[in-house]
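Thanks for sending this one over.

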Amino acid sequence: MTTAVDRSALMHTYRDPSVTFVKGSGTRLYDAAGKEYLDFVSGLAVTSLGHCHPAVADAVALQARTLEHVSNLYGNTLAPDVASTIDRLIGGGEERVGGQVFFSNSGAEAIECAIKLARRYSGGRGANVVSAFGGFHGRTLAALAATGQIEKHAGFEPMPAGFSHVPYDDVDALVDAVSGPGVIAVLLEPIQGEGGVVVPSSDYLRAARRICDESGALMIVDEVQTGFGRTGSWFAFQRLGLVPDVVTMAKALGNGFPVGACWAKAEVAAAFGPGDHGSTFGGQPLAMAAVRATLDVMERENVCERARVTGEYLRRSLLTLPGVKEVRGEGLLLAAVFNNPIAGVVAANAESAGVLVNPVRRDTLRLAPPLLVSNDDVDAAVGVIRGVLRSLP
Ligand SMILES: *Cc1c(COP(=O)(O)O)cnc(C)c1O
């Protein structure tokens with residue numbers, strides 16, 4: 001519904017929204033009129049446990065009454081604990097890998113940390129980071145320079161130096177680029193999320209690992225969107241049987257609390273010493289309480305398995321829709337590709353009918369429901385989309 005909210009004091013970086021939400025619970029969102037929406041966007045792969053998960057809400061509320069914030073000049077009890085959990089999840093969940101974590105407040109900041117770490121680790125051997133066309137790494141200047149959607153650079157030049165791009169899923173192009181002078185790191189998403197849920201061939205990231213091993217470049221995997229069970233494993237790189245040197249994460253990490261993290265192998269992390277990098281808020285108690293509760297529930301609820309099983313159900317359901325020629329993605333990060341550029345109108349009509357999906361490309365709908373979504377909710381969402389497709393002229 002249209003609301004009387006005056007947005008004139010907000011910078012116009014997003015189009016005027018068609019709906020304004022006032023409340024969320026589980027898979028549901030509510031607007032001011034009380035209309036209910038089934039949320040298959042999840043704040044863009046953020047609220048993986050659903051909206052206002054009680055365990056996360058309680059942990060944040062309790063922490064807000066106990067200790068909200070102290071400077072990183074001092075210690076808090078939560079950040080070291082959460083970092084060791086992340087290090088364990090990087091290894092698949094059983095045992096710690098022995099890497100280290102820097103906490104940030106967003107995905108772009110996690111990327112900034114990874115880039116600075118790679119430069120410091122290189123010891124001046126070079127400064128060039130190779131990433132992929134179509135890739136997305138955030139909107140701060142260095143993250144934007146790494147972002148391979150070049151149209152997003154327009155008007156913001158000069159971009160910081162030290163970034164180049166190669167076609168995604170093209171091993172030869174990566175070999176060529178990395179053999180160039182001064183390349184210190186390769187930065188790739190395991191699945192390009194913002195780029196349209198593009199899944200590379202299963203050998204691409206393994207080849208990237210090999211290329212990095214041979215050249216000495218660091219392999220940075222951007223798991224900001226794919227991490228924490230979204231694709232059916234804690235991190236998407238895990239099903240490929242490789243370990244990156246650096247992993248960036250954010251989105252689902254706090255189930256809606258703004259928080260990011262950059263993990264690195266111990267040897268790489270050791271390139272940072274006191275004073276080299278920092279953040280006022282990164283790792284502060286309130287954020288860490290949200291993360292600790294989120295990861296705790298994720299482990300207890302077996303979200304990886306849930307994402308795999310329900311993801312397969314959603315994939316099969318989407319393939320029954322008229323006009324869908326392909327379903328891409330893994331786990332519960334899926335995209336339905338239509339024969340025609342109708343994704344925008346389908347998403348708009350689905351929204352009117354109470355289902356949120358994201359038209360990530362003109363012909364592609366992205367679906368990223370909460371990982372705890374039921375098959376009944378999947379049936380309801382796909383049913384609405386089917387009705388929308390049937391009613392199109
Ligand atoms: C969303 C996203 C980012 C940027 O995260 P912000 O929190 O918006 O800064 C970076 N990388 C990937 C893969 C993303 O999907």
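1. Ground rules. This is a predicted model, where local features need pLDDT of at least 70 and side-chain atom pairs count only at pLDDT 80 or more, while totals for chains, interfaces and linings use all residues. Residues are numbered from 1 along each chain as its sequence is written, and side-chain values use heavy atoms, with hydrogens and water left out.

2. Domains. The assignment gives domain 1 (21-53 + 302-391) and domain 2 (67-300); such bounds come from an automatic or database domain assignment. Taken over C-alpha atoms, the centres of domain 1 and domain 2 are separated by 26 Å. The contact between them takes 30 residues from domain 1 and 27 residues from domain 2, with contact meaning heavy atoms within 4.5 Å.

3. The main core. A nonpolar core here is a set of buried Ala, Val, Leu, Ile, Met, Phe, Trp, Tyr and Cys residues joined through side-chain atoms within 4.5 Å. Buried stands for under 20% relative accessible area, exposed for over 50%, and partly exposed for what lies in between (1.4 Å probe, protein chains only). The largest nonpolar core has 83 residues, and L174 and M249 have the most contacts inside it. Helix α9 (residues 285-300) supplies the largest share of this core, 9 residues. At least three residues of the core come from each of domain 1 and domain 2. As general background, nonpolar side chains tend to be buried together in soluble globular proteins.

4. M249 and the second core. Which residues does M249 touch, not counting those up to four places away in sequence? They are I86, I90, A110, E223, V224, F228, F235, G260, A261 and W263. A second, separate core has 26 residues, including A142, A143, A185 and L218.

5. Helix α10. Helices (H or I, at least four residues) and strands (E, at least two) are DSSP runs, numbered from the N terminus. The expected span of a helix is 1.5 Å times one less than its number of residues. For the 17 residues of α10 (residues 303-319) that should be 24 Å, and the end C-alpha atoms are 23 Å apart, which agrees. Buried residues in α10 include V303, C304, A307, T310 and G311, and also L314, R315, S317 and L318. The buried residues of α10 pack against α9, β11 (324-330), β12 (333-338), β15 (364-367) and α12 (375-391).

6. Helix α7. The 12 residues of α7 should span 16 Å, and the end C-alpha atoms are 16 Å apart, which agrees. Y204, L205, A207, A208, R209, I211 and C212 are buried in α7. Among the elements covering the buried residues of α7 are α6, β7 (183-188) and β8 (218-222). After α7 comes G216, with a positive phi near 85°.

7. Aromatic pairs. Rings of Phe, Tyr and Trp (its six-membered ring) pair if their centres lie within 6.5 Å; planes under 30 degrees apart count as stacked, over 60 as edge-to-face and the rest as tilted. By this rule there are 4 aromatic pairs.

8. The phenylalanine cluster. The rings of F235 and F237 are stacked, because their centres are 5.9 Å apart and their planes are at 10°. F235 and F237 are both buried, and ring pairs link F228, F235 and F237 into a cluster.

9. Backbone details. The peptide bond from E157 to P158 is cis, with omega near 5°, and P158 lies in the loop between α5 (141-146) and β6. Phi of L44 is positive, near 65°, in a residue other than glycine. L44 is placed in helix α1 (residues 42-45) and counts as partly exposed at 28% relative accessibility. D169 is a residue other than glycine with a positive phi, near 65°; D169 lies in the loop between β6 and α6 and is partly exposed at 32% relative accessibility.
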